[in-house]
Amino acid sequence: MILPITIYSDDVLRRKAKPLKGVDGEIEELVGSMFESMRNASGIGLAAPQVGHSLRLLVLDVSSLSNYENEKPMVVINPHILAVRGSNEMEEGCLSVPGVQGDVVRPASLTLKYRDEHFEERLGDFSGMVARVIQHEIDHLNGTLFVDRLEKRDRRKIQKELAALASGVVNAAYPVVTRVLL
Ligand code: ZN
């Protein structure tokens, strides 16, 4: 089922999400809906708070990008970053902040402990776009958005766009849920 994406000023995006205790039918269904909603919006990563669930769960699929065609979709539950290496700058965007892009500096690669879609514990090393998406999505689980990580100068450039999103003016090619604080 395609779920509407929560937008910038929604408080679910600012909460620290709760760990999962296991994977039941309901979570399996949510994971399926998250993949469907992400692909419908042409996204490469999606965290549960972006569909209104404050849970430590994210999905990603970068196989639409060139050089990543063989990369398998991933379900990441209760992630812990154990180590990071290097750093690089990349332009990011976010389905919850439509129409806004900006350069973010993050570690280039990481070691991650997490649980997969069967709630099996996994340990993995990730780099390139996969490491980038994992870090962006883990930020969502901690109530952080990529715009929080922009340099002041870059953030000033998008103030108008953020104010518009906060006031409920959203131009997105996918279903969204907007909650306007009055
Ligand atoms: Zn995002």
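Modeller: Let's start with the largest cavity, which has a volume of about 40 Å³. This is a predicted model, where local features need pLDDT of at least 70, side-chain atom pairs count only at pLDDT 80 or more, and totals for chains, interfaces and linings use all residues. Residues are numbered from 1 along each chain as its sequence is written, and side-chain values use heavy atoms, with hydrogens and water left out.

Biologist: What makes a space a cavity and not a pocket?

Modeller: On a 1 Å grid over the protein atoms alone, a cavity is a set of points where a 1.4 Å probe fits but cannot get out, while a pocket is an open set with protein on both sides within 12 Å along at least five of seven lines. Grid points are joined across faces, edges and corners, and the volume is the space filled by probe spheres set on the points. A search of the whole structure for cavities of 30 Å³ or more finds one.

Biologist: Which residues lie nearest the centre of the largest cavity?

Modeller: Ile7, Ser9, Leu165, Thr178 and Arg179, out of 10 lining residues; a lining residue has an atom within 4 Å of a point.

Biologist: And how much space lies in the largest pocket?

Modeller: About 410 Å³. Its lining has 22 residues, with Ile44, Glu92, Gly93, Cys94 and His136 nearest the centre. Strand 5 and helix 2 are the elements that give two or more residues to this lining, and helix 2 gives the most, with five.

Biologist: Why is the ring pair of Tyr114 and Phe126 called tilted?

Modeller: Rings of Phe, Tyr and Trp (its six-membered ring) pair if their centres lie within 6.5 Å; planes under 30 degrees apart count as stacked, over 60 as edge-to-face and the rest as tilted. The centres of Tyr114 and Phe126 are 6.3 Å apart and the planes stand at 55 degrees, so the pair is tilted. Tyr114 belongs to strand 7 (residues 109-115) and Phe126 to strand 8 (residues 121-127), so the pair ties together parts 12 residues apart in sequence.

Biologist: How do you know whether Ser42 and Asn78 are buried or exposed?

Modeller: Buried means under 20% relative accessible area, exposed over 50%, and partly exposed in between (1.4 Å probe, protein chains only). Ser42 has 67% relative accessibility, so Ser42 counts as exposed. Asn78 has 13%, so Asn78 is buried.

Biologist: What is the phi of each?

Modeller: Most residues other than glycine have a negative phi. Ser42, in the loop between helix 1 (25-40) and strand 2 (45-47), has a positive phi of about 55 degrees. Asn78, in strand 4 (residues 74-85), has a positive phi of about 45 degrees.

Definitions and conventions. Helix = DSSP H or I, 4+ residues; strand = E, 2+ residues; numbered from the N terminus.
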